Amino acid sequence: MLANIPTHLIAGPLGAGKTSLIRHLLAHKPAHERWAVLINEFGQIGLDQALLSGAHDGVSLSEIPGGCLCCVAGAPFQVGLARLLRQARPDRLLIEPSGLGHPLELLRQLGQAPWAGVLALQPPVLVLDAAALAAGQALPESQQATLALAGLLLLNKAEALDEVARARLQAQLPAVPLRWTCQGELDFAALPGSALRAAAAEQDVPLPAGRAPLAQIWRDPREPICQVQAQAEGWSIGWRFHPSQRFQLGRVQAWLAGLPWRRAKLVLHGESGWHSANALDGGELLWRESEWRRDSRLELIFASAQEASELQEALLACRLG
């Protein structure tokens, strides 16, 4: 395993475009580099790995679901990160914490043993929804605390903002490097620390060890695996369906349109193949073809607890056949 691996924290609130940025960076990864991507999601099911799946040579993806990384930073995080580094032996590491997480605390923990000397932490990239901020939406406190330490503020979804609106918004932000973009696009060369390279390790550093968690399997292909989580930051529910189960996507979209979710992510086997979508605050789902084929997944985050059995019954009614 290498030492001083350039490590990039891609932070930002829910729906700002963190996954879009990582997808864009993966598509423009230098051919000679091996990358590892560690994804943290608030919910238990985990969907970003499915949303990022594709034919990326030299890229290893790993997920740690179940809440903010720094809040689950005991065995699951320590062991999961160590396992990813051993298996991928990356030249570069990208970490995407949950939009409901605490980036500064995560940075503090990654700067301590056993990661000091193994990881070379770069100034974090903070992805922000420029349109939402311009409209007066407040930035969560955990993200505000990261602003001044950011190596780059990526103002995403900025295509509708004119120069006056951009200048007004920029005046409210700290004087750190800033770029305007849409669809999470950023040249790799503009990523803070992109020119840095990992070094050969002079000696092996003992890292946490442990077995990978066993994947849940379906007792009945028609019965989904459902997981619910309640934390101070919100309430989530997610489902995994056997790949043989197919959905009428129009029904799913109509069902979701009547729910008060904060965040929706899904990859479903539909009537015309596999499609993914994600949206924020009840927004319209924009479907795209998905290369993920292992199972169907859907995860919702709400501000408060919902009736899980009613949600599942309604979702099951969206299946074909």
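I looked up Trp255 first. Setting aside neighbours within four places in sequence, I find Trp255 in contact (heavy atoms within 4.5 Å) with Trp239, Leu298, Leu300, Leu311, Ala314, Leu315 and Cys318.

I note that this is a predicted model: local features need pLDDT of at least 70, side-chain atom pairs count only at pLDDT 80 or more, and totals for chains, interfaces and linings use all residues. Residues are numbered from 1 along each chain as its sequence is written, and side-chain values use heavy atoms, with hydrogens and water left out.

Next, the core. A nonpolar core is a set of buried Ala, Val, Leu, Ile, Met, Phe, Trp, Tyr and Cys residues joined through side-chain atoms within 4.5 Å. Buried means under 20% relative accessible area, with a 1.4 Å probe and protein chains only. The largest such core has 23 residues, and Trp255 is among those with the most contacts inside it. Elements giving two or more residues include helix H8 (249-257) and strand S14 (296-302); helices (H or I, at least four residues) and strands (E, at least two) are DSSP runs, numbered from the N terminus.

Then I checked aromatic pairs. Rings of Phe, Tyr and Trp (its six-membered ring) pair if their centres lie within 6.5 Å; planes under 30 degrees apart are stacked, over 60 edge-to-face, the rest tilted. I count four pairs. Trp235 and Phe302 have centres 5.9 Å apart and planes at 55°, so this pair is tilted. Trp235 sits in strand S10 and Phe302 in strand S14, 67 residues apart. Both Trp235 and Phe302 are buried. Phe241 and Phe247 have centres 4.9 Å apart and planes at 85°, so they are edge-to-face.

Last, Leu52, in helix H2 (residues 48-52). Leu52 counts as buried because its relative accessibility is 2%.

How values were computed:
Buried means under 20% relative accessible area, exposed over 50%, partly exposed in between (1.4 Å probe, protein chains only).
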